Amino acid sequence: MRLTLYTDYSLRTLIYLGAKDEGQLSTIQEISDAYNISKNHLMKVTHQLGLLGYIETIRGRGGGIRLAIDPTTITIGEIVRHTEEDFHLVECFDKENNLCKIAPECQLKGVLYEALQAYLAVLDRYTLDDFLHSKEKLMALLLGE
């Protein structure tokens with residue numbers, strides 16, 4: 001299973017915000033510079049994370065973004081489910097566009113579905129907080145210190 005850049009950037013944004021001191025504001029530019037990733041992509045990511053209630057956005061001079069909820073309540077599986085477009089590992093997972101002739105008898109789709117569920121179950125066991133135990137080291141790496 002391969003995650004989209006959108007999900008990757010969502011997870012990285014949440015890790016960045018979680019590594020900051022509680023309540024401290026960050027900017028999209030700051031996160032973009034820290035990870036050396038597109039500011040335009042991050043704008044889309046932070047917009048959705050805000051709509052989902054994971055981050056709080058403060059507009060205007062001195063504004064920015066920060067985590068809106070406790071990182072111990074945010075599971076990685078939840079983020080992945082909210083940010084991935086679909087989980088069509090193979091064509092037959094997409095019922096509307098499936099043209100595979102063997103789909104009605106294929107046993108592979110059941111195995112792949114089971115694997116997908118196991119993958120998501122593992123991600124559900126971890127929260128954002130599990131990745132924030134070395135906040136100082138994370139920030140030093142991100143800020144090039």
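The following dialogue considers how several features of this predicted model may be read.

Visitor: How many helices and strands does the chain have, and what pattern do they follow along the sequence?

Guide: The chain has six helices and two strands. Read along the sequence, these elements follow the pattern α-α-α-β-β-α-α-α.

Visitor: What box do the C-alpha atoms fill, and what share of the residues is buried?

Guide: Taken along the principal axes, the C-alpha atoms fill a box of roughly 60 × 30 × 25 Å. Of the 145 residues, 34% count as buried. The accessible surface comes to about 9,300 Å², and carbon and sulfur atoms account for 53% of that area.

Visitor: What part of the contacts joins residues 24 or more positions apart?

Guide: Among contacts with a separation of 6 or more, 62% are between residues 24 or more positions apart.

Visitor: Which residues have the most contacts inside the largest nonpolar core?

Guide: A nonpolar core is a set of buried nonpolar residues joined through side-chain atoms within 4.5 Å. Here the largest one has 30 residues, and Leu14, Tyr16 and Ile55 have the most contacts inside it. At least two residues of this core come from each of α1 (5-19), α2 (28-35), α3 (39-51), β2 (64-67), α4 (76-83), α5 (108-124) and α6 (135-143). Helix α1 gives the most, with six residues.

Visitor: Which residues does isoleucine 55 touch, leaving aside those up to four places away in sequence?

Guide: With those set aside, Ile55 touches Leu14, Leu17, Thr46, Leu49, Gly50, Ile65, Arg66, Leu67 and Ala68.

Visitor: Is threonine 7 buried or exposed?

Guide: The cut-off for buried is under 20% relative accessible area. Threonine 7 counts as buried because its relative accessibility is 0%. This residue is found in helix α1. Not counting residues up to four places away in sequence, Thr7 touches Val80, Thr83 and Glu84.

Visitor: How many aromatic pairs does a search of the whole structure find?

Guide: The search finds two aromatic pairs. One of them joins tyrosine 126 and phenylalanine 131, at 6.2 Å centre to centre and with 40° between the planes, and this pair is tilted.

Notes. Residues numbered from 1 in each chain as written. Predicted model: local features only at pLDDT ≥ 70, side-chain atom pairs only at ≥ 80, totals over all residues. Heavy atoms only, no water. Helix = DSSP H or I, 4+ residues; strand = E, 2+ residues; numbered from the N terminus. Buried < 20%, exposed > 50% of the residue type's maximum accessible area, 1.4 Å probe, protein only. Contact = heavy atoms within 4.5 Å. Areas by Shrake-Rupley, 256 points an atom, 1.4 Å probe, with all protein chains shown as cover. Phe/Tyr/Trp six-rings, centres within 6.5 Å; stacked < 30°, edge-to-face > 60°.
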